Amino acid sequence: MFQEIRIQGIGVIDDAVLPLSPGLNVVTGETGAGKTMVVSGLGLLLGARADTGLVRAGTRAAHIEGVLTLPEGHPALVRAADAGADLGADMDEDLVLVRTVGQDGRSRAHVGGRSTPVGVLAELGELLVAVHGQSDQWRLRHGDQHRQVVDEFGGVVVAEALETYQRTFDALADATRERDRLRALAADRARETDALQTGLDRIEAVDPQPGEDLALRSEDERLAHADGLRLAAAQAHTLLTGDTGTGPGYADQAGIVDELASARMALTPMTDHDPALADLDTRLAELGYLGSDLAADLASYAASVDVDPARLTFVQQRRADLASLTRVYGDTVDEVLAWGSQAALTLAELTGADDRVDQLDAETVRLRQQLAVCALELTTVRRQSADEFGHQVTGELRHLAMGRAEVTVSVSARSDPEGLAGVGSTRVEPVRFTRSGTDDVEIQLASGPGNPHRSVARAASGGELSRVMLAIEVVSRGRAVPTYVFDEVDAGVGGRAALDVGARLASLARHAQVVVVTHLAQVAVFADRHLVVTKDESGAVTASTVRVVEESERLGELSRMMGGDPASATGLAHAQELLAQATVQRTAPSPGARRPNGGRGRRGTVA
């Protein structure tokens with residue numbers, strides 16, 4: 001709720017601060033002092049269209065600032081945080097809203113110290129304040145808000161029925177969406193199935209083995225260069241051993257191994273005379289052993305090199321077969337095998353998709369039938385809530401100088417050829433289904449017996465509409481938003497009826513913050529905080545400001561409102577008497593306390 005509102009440069013208001021209390025705040029003042037500018041300023045703060053006509057003459061811009069305290073997790077705090085507001089780590093700081101409107105028509109908005117579009121203020125306004133004025137009813141300007149008011153009045157009984165319906169509605173929407181998606185993909189699914197099956201068949205025909213492409217590449221290299229490999233090994237062997245072959249015509253030459261042996265023979269006679277030379281001899285011996293081993297390995301390798309044209313042909317063909325797979329399904333045989341494994345899983349899913357469509361068809365049929373049952377149950381409890389709501393609001397109007405008026409709530413379904421049939425005891429044609437049910441809910445008002453019931457926003461004059469909205473809010477116990485504003489709610493009302501209006505405002509203020517602009521003392525006496533707009537005339541400029549009045553000052557303001565003389569002894573006595581009457585009415589049972597279903601907000605518990 002609001003802690004304070006500061007208004008600068010709007011109409012006749014130069015600079016005024018309204019410190020607001022949690023309960024009933026009454027704003028009074030002489031005609032022309034600027035009481036209505038308070039409501040206009042609040043409208044701008046909550047995103048109303050900028051009107052340069054409201055900007056005070058001689059002022060560059062109008063400036064409105066509001067400071068609010070809200071409970072943790074309130075939707076307005078969440079929306080403000082989304083808009084970039086700086087609310088502290090725990091979102092526990094006061095929320096500050098600022099609106100500036102210049103003489104040039106330019107408008108700026110700030111939420112929590114951060115610049116935001118003006119539209120964000122309007123969104124926050126929906127969550128923070130309901131304004132009921134002569135021509136501006138914010139509470140029920142959208143059709144679905146009528147349904148919301150009735151559903152909130154219905155308490156947990158309606159809430160549980162709505163929750164059950166919405167669960168079924170969402171399940172049906174999900175099943176229908178998945179079924180339609182699978183149907184739409186049927187042609188693509190057939191093409192994809194063919195492609196996957198073709199790939200798996202090709203892989204199965206080749207039957208690649210893990211790492212086979214790397215092993216065959218190595219073997220291909222060896223077979224393709226077999227002659228060169230064998231000749232190179234033989235030449236190296238000859239150089240090591242000097243052995244060029246056997247038989248006539250071959251002449252052995254001294255090889256490296258023989259030369260190493262000769263070198264040892266030169267050193268051996270002298271190794272006993274110097275350890276260093278002995279070490280060298282040892283190393284020379286090791287070289288001789290290594291040379292001999294290496295020569296044997298070279299001979300073995302040369303003998304093992306197989307020149308097999310048939311094997312070479314097979315290896316090269318096999319590599320070509322594997323390459324036909326790696327060009328399409330992966331860079332290596334291992335990647336081809338991985339693709340095949342995934343393709344097999346996907347193919348299994350696609351093959352079973354038709355079965356899944358059949359299952360979803362059956363599921364949607366079941367859910368549609370279940371949804372129709374849930375819709376009927378929701379409509380039944382909603383109508384019960386609507387009947388009791390209309391009865392209680394009509395009763396409230398009898399205390400608000402509208403004793404001949406009657407409020408009813410229309411709960412009806414809208415025909416829709418693509419909807420569901422069988423909702424309602426006599427309905428057979430299909431009706432429209434939404435996530436909130438099948439019902440179009442409209443709060444209607446008949447101004448007197450025999451008059452037609454019309455939507456409440458169109459059936460009453462400005463003052464009557466404010467009183468109807470007061471009755472609705474009292475019956476609803478201020479559940480929608482934390483702050484309610486009423487401008488001239490007492491228009492056309494006087495005497496005892498005005499006291500009833502004040503009592504109803506006070507009743508609403510038990511559950512929410514209420515700000516009311518009034519010219520009747522009978523309403524003002526119920527205030528928890530009484531604010532007076534005063535004007536200071538100096539020269540050609542009139543400036544208004546706001547101050548809190550208490551005790552004797554308040555009695556004087558009440559006396560002025562009744563007779564015009566704040567110092568009149570008779571007026572002051574009458575004011576004191578009115579305060580006493582208000583005290584008595586404040587202690588009376590709260591109007592609008594009943595609830596549907598035996599006054600219970602939850603089955604088996606008292607609301």
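A crossing of two helices is left-handed if the near helix is turned anticlockwise from the far one by less than a right angle. In this predicted model, the crossing of helix 6 and helix 10 is left-handed.

**Helix 6 and helix 10**

- Helix 6 spans residues 212–224 and helix 10 spans residues 309–329; the two pack with their axes 9 Å apart, at an angle of about 145°.
- From helix 6, the residues that meet helix 10 are E212, D213, L216, R217, E219, D220, L223 and A224.

**Strand 1 and its partners**

- Strand 1 (residues 2–10) and strand 4 (residues 61–68) run antiparallel and are joined by six bridges.
- Within this pairing, F2 lies opposite L68 of strand 4.
- Strand 1 also runs antiparallel to strand 2 (residues 13–19), again with six bridges between them.
- One of the residues bridged to strand 2 is I5, whose partner there is L18.
- Strand 1 and strand 2 form a hairpin with two residues between the strands, and in this hairpin G11 adopts a positive phi near 55°.

- R179 is located in helix 4, which covers residues 143–184.
- The side chain of R179 makes a polar contact of 3.2 Å with the side chain of D180.
- Apart from neighbours within four places in sequence, the contacts of R179 are V357, L360, D361 and T364.

- K35 belongs to helix 1, which comprises residues 35–45.
- When residues up to four places away in sequence are not counted, K35 touches V27, T28, G29 and E30, together with V517, T518 and V533.
- The C-alpha atoms of K35 and I13 are 9.2 Å apart in space, while the two residues are 22 residues apart in sequence.

Terms used
Residues are numbered from 1 along each chain as its sequence is written. This is a predicted model: local features need pLDDT of at least 70, side-chain atom pairs count only at pLDDT 80 or more; totals for chains, interfaces and linings use all residues. Side-chain values use heavy atoms; hydrogens and water are left out. Helices (H or I, at least four residues) and strands (E, at least two) are DSSP runs, numbered from the N terminus. A polar contact is a pair of N or O atoms within 3.5 Å; within protein, one must be able to donate a hydrogen and the other to accept it, and residues adjacent in sequence count only if both atoms are side-chain atoms. Contact means heavy atoms within 4.5 Å. Axes are lines fitted to C-alpha atoms, for helices over the stretch in contact, and angles run from 0 to 180 degrees between N-to-C directions. Two strands pair if DSSP finds at least two bridges between them.
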